[in-house]
Protein chains: 2
Amino acid sequence: MANALLTREHAIHLDALDSLGSLRDQFQLPEGNIIYLDGNSLGFLPRATAPRLDQVVTQEWGQGLIRSWNNAGWIGLSRRIGDKIGSVLLGAGPGECVVTDSLSINLYKVLMAAVDLAIEKDPSRTVVLTDRDNFPSDLYIAQSVVSTRHGMQVHTVTPDALLTTPSHLSTSVAVLLLTPVDYRTGRLLDMPSLTAAAHAAGILVIWDLAHSAGAHPVDVHAMDADFVVGCGYKYLNGGPGAPAFVWVHPRLVHRCTQPLSGWLGHQNPFAFAPEYTPADGIQRFVSGTPSILALTALECGIDTLAAATPLGGMVALREKSLHLTSFFLELVDAWIIGHEGMETITVATPRDPQHRGSQVSLRHPTDAYAIVQALIARGVIGDFRAPDIMRFGFTPLYTRFVDVFDATAALVDVLRTEAYKDPAFQTRHTVT
Amino acid sequence: MANALLTREHAIHLDALDSLGSLRDQFQLPEGNIIYLDGNSLGFLPRATAPRLDQVVTQEWGQGLIRSWNNAGWIGLSRRIGDKIGSVLLGAGPGECVVTDSLSINLYKVLMAAVDLAIEKDPSRTVVLTDRDNFPSDLYIAQSVVSTRHGMQVHTVTPDALLTTPSHLSTSVAVLLLTPVDYRTGRLLDMPSLTAAAHAAGILVIWDLAHSAGAHPVDVHAMDADFVVGCGYKYLNGGPGAPAFVWVHPRLVHRCTQPLSGWLGHQNPFAFAPEYTPADGIQRFVSGTPSILALTALECGIDTLAAATPLGGMVALREKSLHLTSFFLELVDAWIIGHEGMETITVATPRDPQHRGSQVSLRHPTDAYAIVQALIARGVIGDFRAPDIMRFGFTPLYTRFVDVFDATAALVDVLRTEAYKDPAFQTRHTVT
């Protein structure tokens, strides 16, 4: 007998009950029969973005010209959007968070600042500890930073080892750099516990929310975090290559130096002084002049998350996210795992909801890329990460339960019919 | 008897004769009676920008979503625009220039790379030599870079001293970092001569075209330049905070390492390898994911300069620029310098056209800020730079001779009537 909870009718019923369902109306939906499960790579376009950008371009730039730095508030835009991110996503107070540059650049700034703070306190701490499966930019930036500090090294561990063997948090570790959600598997780390364990061992912690800002609640003050950076173009819907954010705890920020000392991080940029004096607070993490167009689009993106605040905010979004990923896992378990011809498909994402981000990843040892391509050809957009991962992102702001149902049905069809064996789906593109 | 060459009729006649006059039609002009002499801070809005951005936002992002990294060519956009800048502005070949990040960030990258190359060849070279009146970001970044290298120092000189006392280019100098156009005075340095003198002394040269990219011809290969960076939002009309560009000579680029080792500078980013291997050429100066919206606007800006190519390109634009600044200086000499009540006004910009960028700066010892404000209130937009500089930028793509005439007439009126003494014009804003 079919399970009544795994039907399309039930999915539609779940959508009807969803108190966050109306948030989807904030977005310009793609035309045609597209099911988009890649908001963890690039979020949807908010409806507000194109008109707001047009206004900024034609009025603020075209008419206001240079005067708009004052009259349209451009000079404060990095801070204004930082405050929104701080308030909506991080539990931070005003003036604690700023939007600037890319995530790789911001990671360099905070890691340099953290390493210097750690060495200043205890020169014998010579290790930057991170996850060996961390996103490449994190590993590359960590390698770069330690190369500038004599005797420093990057050590990598698995997060499991961190949890099971606390001795990894040794007295030689200066900074722990972690990404709470693994970009391949979607595994979510316990940020408060790991922060507390690191602090107990005298270690500063950098959390890189690259793959999770806007996907689960974070309370930087409750966990007494040190440094947080995050990405603007995934769950924040800020557009392709949107700028990134930096948050630093107020107890640390005034002691931080970061090497990308551009003029807008100066205490008094318009004095054009020959010596660098960093601004008092988080503004010291700004370097050069930010793109006002990129910031404008990001602000429209953040506003789509802010709209969830009266409906329960990040807690409600997280609850829906887990409901979506659980529903997907139930469907995958019922229809795919262990079924004939699909024996090589496995689930890469933790089944414990507490350890799961807002994505579910499946593995196929040889054809993950082609399966993703075959799904895209059917209008179901997920993505592939080498060597064997198929990623499906569920964005509670706009993903519906019926999308989950239809996507899984399409996946089953691709697998059953072996549609992915078509040579057209096996050809690799640059980006996947 | 009045000079017939200093009349409004003559200015209109010069505009009628101007073979580049039609290039102004490429821009969305500000409404009202605005004379904009601040294109050296923020260029005009090209007419093409708003519709192109709308297309990128609504179609490429809104409809194409993640697929546009391949299908709309986003992944190659930094390089495509870099090639345009290389070809139109720098005399560079394809694949030599890339657009990425802000100018401050790019300066850090190239200075770190240059210092490392210099030390590798000769560890006794411990000085980064620069202009003491350089733009603050250049000084701050230089201070930051030397602080990471044991024993290194920043020395500053005046450019005049460099020209008159070649011994400043000593065997202790590793890198010479110069901005060809001084942002305050508009003085233009002789890039080929200084490059040759530095090379003869075994010194690598970084040219920061912050205040001049798009304002005068540059031929990186003819002068055998090493490193060039430049700004996208001034003469390039890329919009507020537009991304910046990096060019590195092909004989050097494959030997360069830069510390902001983000994933998109990797030789094979989509392999997600744990170790950083820089891309072969200029792509290694890219770090994280660039803003596609900011790049899109910049490309529209570059296209307004590319449109001058069939009309004589940068050489013709430079000729018009000098004609505009000379006309302004003639008017200022005839009407202001030494006249009663205006005795304290002096010209800060070199009178020799070979040593003049595309701006003219005047000094007033006490009221430069207020005079600029009073002019802005009359619709004549220049800007102020502390402590005593009034800057007037002349952009040959869209500034007319009649604008020069009318702006000077307004300045004379502000000075004669002492309109700037109104307290409203004395109050300082954040940005000027």
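This is a predicted model: local features need pLDDT of at least 70, side-chain atom pairs count only at pLDDT 80 or more; totals for chains, interfaces and linings use all residues.
How many salt bridges does the rule find across the interface of chain A and chain B? The count is zero.

## The interface between chains A and B

The size of an interface is often given as the accessible area lost when the parts come together. Here, chain A and chain B bury about 6800 Å² between them. Carbon and sulfur atoms give 67% of that area. Each chain brings 79 residues to the contact: 79 residues from chain A and 79 residues from chain B. On the chain A side, Trp61(A), Tyr140(A) and Phe272(A) lose the most area to chain B. Together they make up 12% of what that side buries.

By class, the side of chain A that touches chain B has 45 nonpolar, 26 polar and eight charged residues.

## Which elements of chain A supply the contact

Several elements of chain A each supply at least two residues of the side that touches chain B. They are strand E3 (45-46), helix H2 (49-61), helix H3 (68-71), helix H5 (103-121), helix H6 and helix H10 (292-306).

## The sheet in chain A

Seven strands of chain A form an open sheet. Their order is E4-E10-E9-E8-E7-E5-E6, and the pairing is mixed. Strand E4 (97-99) and strand E6 (153-157) are the edge strands, each pairing on one side only. From one strand to the next, the twist averages 20°.

Helix H6 (residues 136-147) of chain A packs on this sheet. Helix H6 touches strands E5 (127-131), E6, E7 (173-178) and E8 (204-209). The direction of helix H6 makes about 150° with that of E6(A).

## Backbone details

Which peptide bond of chain A is cis, with omega near 0°? The bond from Ala386(A) to Pro387(A). Pro387(A) is found in the loop between strand E14 (383-385) and strand E15 (389-393) of chain A. In chain B, the bond from Ala386(B) to Pro387(B) is cis, with omega near 0°. Pro387(B) lies in the loop between E14 (383-385) and E15 (389-393) of chain B.

Leu65(B) is not a glycine, yet its phi is positive, about 50°. Leu65(B) sits in the loop between helix H2 (49-61) and helix H3 (68-71) of chain B.

Definitions and conventions:
Residues are numbered from 1 along each chain as its sequence is written. Chains are lettered from A and ligands numbered from 1 in the order in which they are written. Side-chain values use heavy atoms; hydrogens and water are left out. Two strands pair if DSSP finds at least two bridges between them. Helices (H or I, at least four residues) and strands (E, at least two) are DSSP runs, numbered from the N terminus. Axes are lines fitted to C-alpha atoms, for helices over the stretch in contact, and angles run from 0 to 180 degrees between N-to-C directions. Contact means heavy atoms within 4.5 Å. Buried area is the accessible area (1.4 Å probe) that two parts lose on being put together, summed over both. A salt bridge is a side-chain nitrogen of Lys or Arg within 4 Å of a carboxyl oxygen of Asp or Glu. Ala, Val, Leu, Ile, Met, Phe, Trp, Tyr, Cys and Pro count as nonpolar, Asp, Glu, Lys and Arg as charged, and the others, Gly among them, as polar.
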